[in-house]
Amino acid sequence: MTRVIGLSGWSGAGKTTLIVRLIPVLRQRGFTVSTVKHAHHAFDIDQPGKDSYEHRLAGAQEVLVASASRWALMHEMREAAEPSLAELLAHLSAVDLVLIEGFKRDSHPKIEVHRAATGKPYLYPDDPFIRAVATDQPESLPLPCLSLDDVEAIADLLHEIAMPLADLPQRG
């Protein structure tokens, strides 16, 4: 059964760094892991001049590129609304755990990643879905607070508070 857990925080807090450190720990424990990353801006994973880019530029709704090593599906939104997290997760193959970076306004359990140097306030007081905080300066908080360097403890907590994918609300 696939379970989902988010890592949420301000830009520069270390969400990506933490995810990159967590994945090997989780895999070593025998879990299959996928990730979903929200981008707040237009992005392109394709390159001008490549056939797949030209297909998309010509108007293809989806372009699937495949090789012996990997495959990637690009889906153009055109005029459609941004899909919900649940809609995006439906495209993933079944795994044990999906780590979600961003989507901080969605209704899934999250661990807030906080770094004092950003000068930003904690998100947890305004987000009832934040279940714990991972920070570079652990302190006494009204929810579990772990050191960003304690990846093993964060991995334990991730698995404990992750939500079954089937229980995820259909719209943020």
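Which residues is T35 in contact with, leaving aside its neighbours within four places in sequence? In this predicted model, where local features need pLDDT of at least 70, side-chain atom pairs count only at pLDDT 80 or more, and totals for chains, interfaces and linings use all residues, the partners of T35 are I19, I23 and L99, contact meaning heavy atoms within 4.5 Å. Residues are numbered from 1 along each chain as its sequence is written, and side-chain values use heavy atoms, with hydrogens and water left out.

T35 itself belongs to strand β2 (residues 33-37); helices (H or I, at least four residues) and strands (E, at least two) are DSSP runs numbered from the N terminus. With a relative accessible area of 41%, T35 is partly exposed, a class between buried (under 20%) and exposed (over 50%), using a 1.4 Å probe and protein chains only. From T35 to E87 the C-alpha distance is 14 Å, for a separation of 52 residues in sequence.

Beyond four places in sequence, L18 is in contact with L7, V113, A134, L148, V151 and I154.

Charged pairs come next. Side chains of opposite charge can pair when their charged atoms come close. Seven salt bridges were counted, each a side-chain nitrogen of Lys or Arg within 4 Å of a carboxyl oxygen of Asp or Glu. R29 meets E152 in one of them (2.7 Å, N to O). Because R29 lies in the loop between α1 and β2 and E152 in helix α4, this pair ties together parts that are 123 residues apart in sequence. R29 also forms a salt bridge with D156, with the closest N and O atoms 2.6 Å apart. D156 lies in helix α4 too, so its pairing with R29, in the loop between α1 and β2, links parts 127 residues apart in sequence. D156 is partly exposed, at 44% relative accessible area. Through shared partners, R29, E152 and D156 are joined into one network.
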